[in-house]
Amino acid sequence: MAVEKKIDCVILGLLSHEDLTGYEIKKRMDTSLKYFWGASYGSIYPALSDLVERGLADKRDGAENKRNKFVYSITEEGRSYLKAWLQVPAEKDELRYETLLKLFFGNEGGARQAMAHINAFEKKIERELPYLVGAGDTLKKNIDVDDTHKYYLLTVEFGIKTYRAYLEWCEEAKAILSKEDK
């Protein structure tokens, strides 16, 4: 398989479930995928154009209310491309948190500044965790409705366990910094 852009595979994966506009793709990225993947309109629309040009997706006019709205769908060639990508081992899994970067260099800002970053991170996780738990509960209730739900559930369960570990780490990190601050 040629070197693929991950955004292509993300979009094809979303289109494998349903036809979507560029706006709807961005919305899915900002909701369902936000815990482990993201993209901007600046990367989505060029990728959509490229997928259509390569015959991996189709574009049709879905104009409603005089708005220029295009709806995209996956082609059979796109579905084959997606399936081929799914068979290839992941190239890299990476964790990138600005909070951790700031903590790594925390000796320059001191314990109080580091504590502020940890508190902000903890509050963010505490706000988002209930959404993951709620999604997990819904998926568990509907696991037999659609085979796709079990795959969604796997990613949600990973998120729940990860977020709970983040909260545990926050408590431990604050305890360490509290000792240093005295």
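User: How many disulfides does the structure hold?

Analyst: A disulfide is a pair of cysteine sulfur atoms within 2.5 Å. The structure holds 0 of them. This is a predicted model, where local features need pLDDT of at least 70 and side-chain atom pairs count only at pLDDT 80 or more, while totals for chains, interfaces and linings use all residues. Residues are numbered from 1 along each chain as its sequence is written, and side-chain values use heavy atoms, with hydrogens and water left out.

User: Is Cys 9 buried or exposed?

Analyst: Buried means under 20% relative accessible area, exposed over 50%, and partly exposed in between (1.4 Å probe, protein chains only). Cys 9 counts as buried because its relative accessibility is 1%. Cys 170 is buried too, with a relative accessible area of 0%.

User: Which residues touch the most other members in the largest nonpolar core?

Analyst: In soluble globular proteins, nonpolar side chains tend to be buried together. A nonpolar core is a set of buried Ala, Val, Leu, Ile, Met, Phe, Trp, Tyr and Cys residues joined through side-chain atoms within 4.5 Å. Here the largest core has 22 residues, and those touching the most other members are Ile 7, Ile 11, Leu 12, Leu 15, Ile 25, Met 29 and Ile 44. At least two core residues come from each of α1 (6–15), α2 (22–30), α3 (41–53), β3 (70–74) and α4 (76–87). The largest share, 7 residues, is from α1. These labels number DSSP runs from the N terminus: helices are H or I, at least four residues, and strands are E, at least two. Another core lies apart from this one; it has 18 residues, including Leu 153, Val 156, Cys 170 and Ala 173.

User: What is Ile 25 in contact with, leaving aside its neighbours within four places in sequence?

Analyst: Contact means heavy atoms within 4.5 Å. With those neighbours left aside, Ile 25 is in contact with Ile 11, Leu 14, Leu 15, Leu 20, Ile 44 and Leu 48.

User: Which residues form a nonpolar patch on the surface?

Analyst: Patches are made of residues with over 30% relative accessible area and no salt bridge; like charges are joined within 9 Å, nonpolar side chains (Val, Leu, Ile, Met, Phe, Trp, Tyr) within 5 Å. Tyr 23, Tyr 41 and Tyr 45 form such a patch, with about 320 Å² of accessible area together. Accessible areas come from the Shrake-Rupley method with a 1.4 Å probe, and for residues only the protein chains shown count as cover. Tyr 45 lies in helix α3 and, at 36% relative accessibility, counts as partly exposed.

User: How many salt bridges does a search of the whole structure find?

Analyst: A salt bridge is a side-chain nitrogen of Lys or Arg within 4 Å of a carboxyl oxygen of Asp or Glu. The search finds 16. One of them joins Lys 5 and Asp 50, with the closest N and O atoms 3.4 Å apart. This pair links distant parts of the chain, 45 residues apart: Lys 5 is in the segment before α1, and Asp 50 is in helix α3. Lys 5, Asp 8, Asp 50 and Arg 54 are linked in a network of salt bridges.
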